[in-house]
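Colleague: Could you walk me through reading a model like this? I'd like the general idea behind each feature, then the case itself.

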Amino acid sequence: MQDKLNIKGLVDARHGKVKPAIYVDEDVYQLELERVFGRSWLFLAHESQIPKSGDFFTTFMGEDPIIVARQKDGSVAAFLNQCRHRGMKLCHADSGNTRTFTCPYHGWAFGLEGGLTSVPLEEEAYRNNLDKSQWGLIQVTRLTTYKGLIFGNWDESAPSLEEYLGDMAWYLDGFIDRREGGTEVVGGVNKWVINCNWKFAAEQFCSDQYHAPYTHGSAIQVLAPTPENKADGKPLGDGQTQRPAWANGLGGVQFSENGHGSAFFFTEKADANVWVGGEVSNYFRETYPEVEARLGRVRALRLAGHNTIFPTLSWLNGTQTLRVWHPKGPNQIEVWVFCIADRAASDEVKEALKQSHARAFGPAGFLEQDDSENWVEVQKVLRGNKAQQTELCMQMGIGFEERRKDGIPGVTNHTFAETAARGFYQRWVDMMTSETWAEIETKTQEYQEEIVRG
Ligand code: FES
Ligand SMILES: [Fe+2]
């Protein structure tokens, strides 16, 4: 199918060009479900959401509904949330604790480990001839936990999660491994719908620091820094009176590898860009020495920054938002947002984190709304025939990629660049056009070596 769709012709990462059909075409989307979501490591749940035997959490892998369940032996398993009788969605709850999942249609019941355990009227209806062992739930093929985050993958031949993450794990650790004991999800999951393609959201969190001074201009004015709260702690100079330090381009890094991306600015303050001050700022200042001892100075201070693990898991340090962009057709996503806190934090701090998270990046958050407005408007423009054929520019910082020598890993560039967007779409096109993982990895590696060589 990809030959007919001419996928290769839609993305030219080496020259920074992309065609908008990738955001609207139904056939492209169906191929994405198979080749991207059917083969990538996808975030399913946080371990803290299902601590006890029988705890479960329901989510999606692409558009496939999934049940994640804590087993009797303490391990975690995940299943397609589809009854094997006539295909009904088996579990309709968001989360809970159970010994059995019973289908609301005709009452087939499945155990925690996915086996079909009970069939109503088995003797009368099936004459006792139904082989129940053949009709258990479909189990997610691979399941791995990384520091509390549970990931699943349908593809047996996919690389291990550690290989898949590569250097992105270094950046992820800066979010989930700051303190002894790791992290937990605080509160429930905020869910809402945005009428845009999943790649707009994932790409922006992967790469786009460039939008921040402009898109978030009103928030920046409201939160204009004083000499005391400015990120680098130095007196305000010319041109710095209305913008936080990161918006003045103090220098920073954009990372790109295997489709993942991250960008941040260097700061000198442990609570820079927490946005709300008070309890949360105090917490980041007080825990700084411990975090620096664990992670080193750069990661302990890198609160300003955005990140995406390809394809749809994103987070922001400091505001503590972790989110999944679940695709719902080419023109819509359902955003699932989790507030992440260090497990070792006090209850008061966790409550303060939850509130600061909601104020900045909850559904009505003052930064959240700025972002999604852009994606929705772009998607509306793409209803136009001419608009769908217009090539879009992705050339920022092209040719300036490097590998740093200061311990910050990966293919990097200045933070105002589209290096990670190009890497994101290169991985996307590599997955869409490759039959095997070996092929995908060879293509991605060739691209990365080529752009760093220049
Ligand atoms: S569809 Fe589930 S029991 Fe019939
Ligand atoms: Fe933003």
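Colleague: Where is the place of D173?

Modeller: Ground rules before that: this is a predicted model, where local features need pLDDT of at least 70, side-chain atom pairs count only at pLDDT 80 or more, and totals for chains, interfaces and linings use all residues. Residues are numbered from 1 along each chain as its sequence is written, chains are lettered from A and ligands numbered from 1 in the order in which they are written, and side-chain values use heavy atoms, leaving out hydrogens and water. Helices (H or I, at least four residues) and strands (E, at least two) are DSSP runs numbered from the N terminus. D173 sits in helix α6, residues 168–176.

Colleague: Is D173 buried or exposed?

Modeller: Buried means under 20% relative accessible area, exposed over 50%, partly exposed in between, with a 1.4 Å probe and protein chains only. D173 has 12%, so D173 is buried.

Colleague: What is D173 in contact with, beyond its neighbours within four places in sequence?

Modeller: Contact means heavy atoms within 4.5 Å. By that rule, and with those neighbours set aside, D173 touches Y146, K147, R178, L295 and R299.

Colleague: Which residues have a positive phi without being glycine?

Modeller: L121 has a phi of about 55°, and N128 has one near 60°. L121 is in the loop between β10 (116–118) and α4 (122–126), and is exposed because its relative accessible area is 57%. N128 belongs to the loop between α4 and β11 (142–146); at 48% N128 is partly exposed.
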